[in-house]
Amino acid sequence: MKINVKIGTVEKEAAEILVFYLYEDMRIMSEALAHCNKALHNSISELIKKKEFSAKLNKTMVLPTYGKIPAKRVLLVGLGKKKEVTLDKIRQAAGITTSTVRDMGISEGTTVTDSLDIFIPPSEWCQAYVEGALLSLYKYQRYKYISPEERHELKMLTLLVSRKDTLTTIHDAVKYGKIVADAVCFTRDLINTPSRDKTPAILADHAVKMAKELDIHYKVMSSPELKKLGMGGLLGVAQGSAQSPKFIILEYNARTKGQDTIVFVGKGITFDSGGICLKQAKDMDQMKSDMSGAAAVMGAMMAVSKMKVPQHIIGLIPCTENMPGGSAMKPGDVITFHSGKTAEVTNTDAEGRLILADALAYAGSYHPQAVIDLATLTGSCVVALGTVVTGMMGNNEELKKRVRIAGERSWERVWELPLWEEYQEQIKSDIADIKNVGGPYGGAITAACFLSKFAEKYPWVHLDIAGTAWCEKNGAYTQKGASGVGVRLLVQLVRNWTRFPRKTSL
Ligand code: BES
Ligand code: MN
Ligand code: ZN
């Protein structure tokens, strides 16, 4: 869908459908809506008075205009109570708007932006609006035949703006919103793709193609190089698979000086069968999404490079399948990581931490100011926090604070779980430095304890997205399947970035 910004007024706009936003507790109508209401013989105010249209969040109503104004139809969209409006409600209402218009079979819509009438600055509401409008149109249809009758497409959304002085801000916000939404859709596509069509080698091809287009430095390492680097975690997990592992490195602003270096690390298990500790069949198909962290890192790299942010940003993506097989790693095996540390693998299904350990150790070589890893790491995190919020653990208060704030602003919120010393007990091994699984309780935390052993040299935050990466049902701007979580959060984090204080309490 194209997004067009236009100065104009309702009186003259010959739109297919004019979209107005209304608040539940609105006392007076915006000028534009009042004009429409009058032309339509007060039918809008009547609907409100009779409570036929409540303006509750995401409620909609369509009215024909019978030629009384130049626009053919009017769409009313509720935003709830005015005092309670947030950026995410704007994102949702925008999502409801575009999917509603599309499903009516209309190919162009026009939003009367004045009707939003909010105290949030235009740079913010407009970006959120564009994100919601685009994200709600996302569909994963690579393998599905759609008949021409079903193939509705909303081709253009016009933002009708009344004031010239906000125009540049609005144009910029549209640009940023589009970059973010495109990156999220790219991430969703990768996650929704079946494993057979996104082997580590194919994921690496996607990363390389993107890097070339966006002038990002890249490197893809395969088994021989991984052996040289002693990446026993990634190689160990890959042992049981017919697909060879890849370690993808993306580096944006590689030559910049005097800027902070931020590393994103993403878990790239392109299918998690559990390995020899095989998972049960129920919902195992969903384990194609075990590379959601990797996909989010790729999407975030795409967005920050298009935005030309000043920081030096690196994406590290260890990729492999976790499969059982004659040469697979066995419970009880001991592996050695890139850092030299050893781990006893008591459960081959706790594989994410093994590939992340190598990547986190490798991240140290960049002497980064901050490292953030994203991983669909534990079912335990889903038990603890559900599917609304991402679990956060880390070793640095300042970085955790920044991630928390970025989460609030992007509405990809995080909630901290404690990473206290007492939990470290659980991953002590009799025969190796550590083991990969703790006891039956606090699994999200003991997984993070494991990771923390490889992230001792820099400020680090771990995000467990096991509950947030996948949607069970459709939302206002999400669909059943991949959510693309992490992209908006990372982009927000970088856009708000200021030089990281050298000495912070670890
Ligand atoms: N990829 C899974 C975690 C997961 C579960 C993600 C459900 C999304 C939805 C991970 O590799 C895993 O299998 N974790 C195990 C760890 C256990 C063996 C200690 C788990 O959480 O059960
Ligand atoms: Mn697993
Ligand atoms: Zn996994």
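1. A residue is near a molecule if one of its heavy atoms lies within 4 Å of it. Ligand 1 is surrounded by 15 residues, the closest being Lys279, Asp290, Asp349, Glu351 and Gly379.

2. On provenance: the model is predicted, local features need pLDDT of at least 70, side-chain atom pairs count only at pLDDT 80 or more, and totals for chains, interfaces and linings use all residues. Residues are numbered from 1 along each chain as its sequence is written, chains are lettered from A and ligands numbered from 1 in the order in which they are written, and side-chain values use heavy atoms, with hydrogens and water left out.

3. An oxygen atom of ligand 1 lies 2.7 Å from a polar side-chain atom of Lys279. For Glu351, a polar side-chain atom is 2.9 Å from an oxygen atom of ligand 1.

4. The manganese ion (ligand 2) is coordinated at 2.1 to 2.2 Å by Asp272 (OD), Asp349 (O), Asp349 (OD) and Glu351 (OE); donors are N, O and S atoms within 2.8 Å of the metal (3.2 Å for Na, K and Ca), and water is not among the atoms, so sites may look incomplete. The donor residues are spaced D-x76-D-x1-E in sequence.

5. Asp272 bridges the manganese ion (ligand 2) and the zinc ion (ligand 3), which lie 3.1 Å apart.

6. Asp272 is buried, at 3% relative accessibility, whereas Asp349 is partly exposed, at 23% relative accessible area. Buried means under 20% relative accessible area, exposed over 50%, and partly exposed in between (1.4 Å probe, protein chains only).

Methods:
Polar contact = N/O pair within 3.5 Å; in protein donor to acceptor, adjacent residues only side chain to side chain.
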